Amino acid sequence: MSISTVIGYKKNPSGNSLQEIKNLVKDEFDALYYLNNNLDVAEAGVDPLKHYLEHGWREGRNPNVKFDTEYYLNLHLAGQSDTCPLIHYCKMGRGMGLEIKEPAEDNYQHSIDYTSQRSKSSELFDSNYYLASYPDIALAGIDPLQHYLEFGWREGRNPSPWFDSRFYIDKYDLHRSDICPLVHYVEFGQDTGVLTRDLYNFERIVDSHSDIIGSVLELVSHNPDIATNEVLQGIILPMFSPGVIRRRHNLTDMVSDFECLLRYLTYDLHMGLSPGKFYDDGYYRSQVIMRGLERGHTQDNWFRHWLKFGVRHRISPVDWYTDPDYLELNPDLVSYPDWPFLHLIRHGFKEGRRFHPIITLSNAGYPNRKRSTYELLPDLLEKHDFVSAIQGQMKFWRSPKMDEIFEQAHQLDPSIHKHEVYQASYQAPYHDDNYQFYSFIRSKFSVKYENVILTPFCKLGGADFVGGVLSHALSNFGDTILIRTDASDWERPDWFPPGLHTIDLSEWLRPLDLDLRKRVLYELIRHLEAKHVFNVNSRLAFETFKDYGARLSKITNIYCYYFCADRTQEGREVGYPIDYFANILPYLRKAVFDTRYLRDRLEARYCLSPEMKQKLAVLFTPTMSASSETCLAEKQLECRGNKSKPTIIWAGRLDKQKRFDLVLDISRAMPDVTFKCFGKAVLDVEPSREHLPVNLTLSPPFKSYSELPLTDCDGLLFTSLWEGMPTILLEFGAMGMPIIASSVGGVPELINDTTGWPIASDASVEDAIRQIRDLLSNPDARVRRAIELQKRVAQIYNWDTYVRDLEDIILGEERNEK
C-alpha cells in the first residue's frame with residue numbers, strides 16, 4: 001500500500017471526501033496569503049484551498065507564510081509526487097514535530113529582498129519616532145528603516161507608536177516564519193483589520209516611563225510624586241482617553257497616546273479638565289450642591305474637587321452609573337474593598353461587565369481599525385442623545401405603565417413573565433453589536449442613487465466588461481454607482497464612463513464574517529434607496545439576495561446577470577446559475593442572460609411557470625469595438641502568398657475546459673499547418689513545452705488584439721467543453737475573422753454553417769481537421785461566412801440594441817402598470 005493511500009490526496013481522495021480533507025487542513029491554510037501570492041488563482045475565482053489540494057502543491061505553491069511545500073516534500077516525503085505535503089503534516093507531521101520550512105538562520109541574508117521590503121514598509125515607518133525612541137541608532141548614524149528591517153524587529157523595537165513588534169509576532173504566531181512583522185502586516189494584515197498593538201497595555205507603558213512623567217511635571221512646577229501616587233495610577237490613568245485629548249487640542253494620530261498623557265498632566269489637569277468622558281462636570285456639580293459638599297468651592301475646577309472630595313464620598317461623576325446597579329449586576333463584587341466605580345474603570349470595562357440596567361457594550365469596531373469596547377464607550381457616552389435615550393428608556397422600563405403592559409401580555413400568553421429591573425435591554429441602533437461597522441460604511445455614501453451596480457471586482461473577464469457596458473447604458477436612467485463587493489481590483493477603468501461613482505466596499509467588508517457582510521450590504525441597499533439594483537457576478541450580492549431578497553423586492557427592483565456555469569473535474573455543473581437561480585428568482589424583477597442557451601436551459605431545468613418565465617430576459621453584450629467596415633478574411637487572402645504554410649491561431653486558458661489537448665493532437669496530425677497559440681494554465685498543470693509539436697508555438701496571453709498576427713493567419717480555432725458567449729468570438733467576428741468553433745453553450749447562436757465552421761463539443765481530432773481543411777481549401781466560403789458573421793455581430797451584438805433591450809427590461813413593466 002502506498003503512503004498516498006493512507007495520507008495522500010489526489011483529485012479523488014482515497015478514503016476521504018474533499019470536504020473531509022478540507023476540514024483536516026483548513027486551520028493550516030491561509031486563503032488570503034494564497035490568493036495574494038497566486039494572482040492567477042484569484043483571477044480565476046476558484047476556491048483557493050481546493051486549488052491547492054488539487055494543483056497548487058504539485059506546482060510548488062505554499063499554503064501559508066510558514067509552510068514551504070517543496071522543502072517539506074523533499075525533506076520528509078522524498079519528493080513523492082502523489083502525496084500532498086500539507087495533508088501529511090496535518091495527519092502525521094505536526095504530531096511528530098517535523099520541520100515545515102528551512103531554518104531561517106542559514107539563509108536569511110540571502111532570502112530577504114530589502115529593497116522590496118523597504119518599499120512596502122516605508123509609509124508605515126516613523127523615522128522620527130524610531131530615532132527618538134532608540135538614541136543608540138541615532139548616535140550610530142544608521143538608516144533607521146534599514147536597521148528595523150534587518151535587526152530592529154528582532155530586538156523588539158517598534159517602527160511607530162502604533163505598531164508593537166513583539167505583540168504582533170506573538171498575536172499571529174510568527175515566531176517560526178522569520179518575517180518582519182511590519183512587512184507581514186503590509187502584505188497580509190493591513191486589509192483585514194488585524195491588531196497591531198495591545199489595546200490594554202497603556203498602563204504598563206506609563207508605568208515603565210514614570211521617570212519621564214515625574215521629570216515633566218517637575219519642570220512645570222507640579223508635584224512629581226503624582227507619577228506614582230494613587231490618584232494617577234488608580235484614577236487618572238483608568239479614566240484617560242487619548243482620543244478625548246486629541247479632539248480637545250486638535251491633535252493628529254501622529255501624536256502618541258503617551259504624549260497625549262503628558263499634555264494632559266502638564267496643562268489640562270492643572271486647569272481642572274477631566275482625562276476622559278467618564279466624568280460629567282455639570283452632573284457632578286449638581287450632586288455636590290445637593291449634598292452640601294461645595295464648602296465654599298468657588299473656582300471652576302470641579303474635576304479636582306471630585307478627586308479630593310467626590311472620590312472620598314463615593315459620588316458618581318456621571319448620571320449613567322450607580323453603585324446599587326453595578327453591584328446588583330455583578331454580585332461577586334459585593335465584598336469589593338474599594339469604591340465599585342473604581343473597580344468599573346480599572347477592571348470592569350476590560351472584563352466586559354455590565355454596569356447599567358440597559359446599556360450594554362458592543363465588541364464591534366471600525367473596519368480596518370479594530371477598537372476595543374473600552375475605546376468605543378467614550379464615543380457613545382459623548383453623544384447626549386444616546387445617554388438621554390437610555391435614561392428615558394430606563395425610566396419607562398421601571399414605570400407602572402410597563403408593569404401594566406407586561407401583565408396584559410401575560411394574560412394573552414402565560415409564557416411572558418413580569419420583567420426584571422436588571423433584565424438586559426437594548427437601545428436601537430446600539431442594540432446591534434455590529435452597528436459600528438455599518439455606521440462607518442454608511443458614512444461613505446453621502447448621496448442617493450437611482451441605480452446601483454454590484455460587481456465582485458474589475459479584472460479582465462467578460463463579466464467585468466459587462467459591468468462597464470451596463471454602467472454606460474444606465475446613464476440614461478439617472479445617477480449610477482458601481483460597488484465592488486469582493487475584491488479591490490480595478491484593472492480596466494477605461495471600460496467605464498468617466499465620472500462614474502465607484503466605491504470599493506470589499507476593503508471594509510473583508511474583516512467581517514459572511515453573515516455580517518450580507519447584513520451590511522442589505523442595510524446599505526436600503527439606505528441608498530435606489531430604484532434599480534443590478535448584480536453582475538457578485539457572490540456577496542447573490543448571497544444577500546438569497547437571505548434578504550424577499551424584503552428588498554418590496555422596496556427596489558432587483559436584477560441579476562447570469563453567465564455560463566462552470567464544471568468540476570467530474571463534469572458536474574457548478575457556479576452561480578446553479579447555486580443562485582431558483583432560490584432567488586421569485587425576488588427578481590428580471591434574471592438577465594447574455595445567451596438564449598442559458599435562459600432556455602434553466603427554464604427547462606426548473607419547469608418554470610408562465611409567471612416565472614416572464615422574469616427571464618436576454619441582453620446580448622455589444623462588442624468592445626464596432627464591426628469593421630472591411631472583412632479581415634479578405635485581407636488574409638491577399639497576404640497568404642507571404643507565408644510558406646497556412647496559419648491557425650488559438651487563444652485561451654490551458655485548462656481542461658478549453659481542450660488544449662485537442663489542439664495539440666490536431667497540430668500533430670497537421671504538420672503542414674502552423675498553429676500559433678496564446679494562453680497560460682490557471683486551474684490545471686501547465687503542459688510541458690519540451691514536448692510541443694514543432695509546428696505549434698505557445699506564447700503568453702495577449703493583452704490587445706493588435707498583438708496578434710491577424711492578417712498573417714487564416715482563421716481562429718476555438719475549442720471548449722462548455723461556454724457562455726465568449727467575448728473573443730464576438731470581437732473576432734466583428735473583424736471578419738474565419739472561425740472554427742466548438743458548438744457548446746451559446747456559441748451556436750453565433751457560429752453555424754453560414755457564419756463559420758462549427759465542431760461538436762465532443763469532436764474527435766478527425767472532425768476538427770475536416771473543418772479546418774474545409775476552411776483552408778475554400779477561400780470563397782471563408783470570405784462569405786466571415787462577412788455573414790460580421791453582419792450577425794453588427795445586427796445583434798451592438799450598442800443600440802443593448803440600450804433598447806435594457807430600456808424594455810427596466811421600463812417595460814412600468815409602462816404596463818401605467
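Is Cys 560 buried or exposed? It counts as buried, at 0% relative accessibility (buried means under 20% relative accessible area, exposed over 50% and partly exposed in between, using a 1.4 Å probe and protein chains only). A word before you click on: this is a predicted model, where local features need pLDDT of at least 70 and side-chain atom pairs count only at pLDDT 80 or more, while totals for chains, interfaces and linings use all residues. Residues are numbered from 1 along each chain as its sequence is written, and side-chain values use heavy atoms, leaving out hydrogens and water.

Now select Cys 458, which is buried too, with a relative accessible area of 1%.

Next, go to strand β12, residues 696-699 (strands are DSSP runs of E, at least two residues, and helices runs of H or I, at least four, numbered from the N terminus). Leu 696 and Leu 698 sit on its covered face, Thr 697 and Ser 699 on the uncovered one. Across from Ser 699 you'll find Phe 678.

Last stop: select helices α35 (632-639) and α39 (779-796). Their axes, lines fitted to C-alpha atoms over the stretch in contact, come within 8 Å and cross at roughly 155°. Contact here means heavy atoms within 4.5 Å, and the residues making it include Leu 637 of α35 and Ile 787 of α39.

Conventions:
Two strands pair if DSSP finds at least two bridges between them. Axes are lines fitted to C-alpha atoms, for helices over the stretch in contact, and angles run from 0 to 180 degrees between N-to-C directions.
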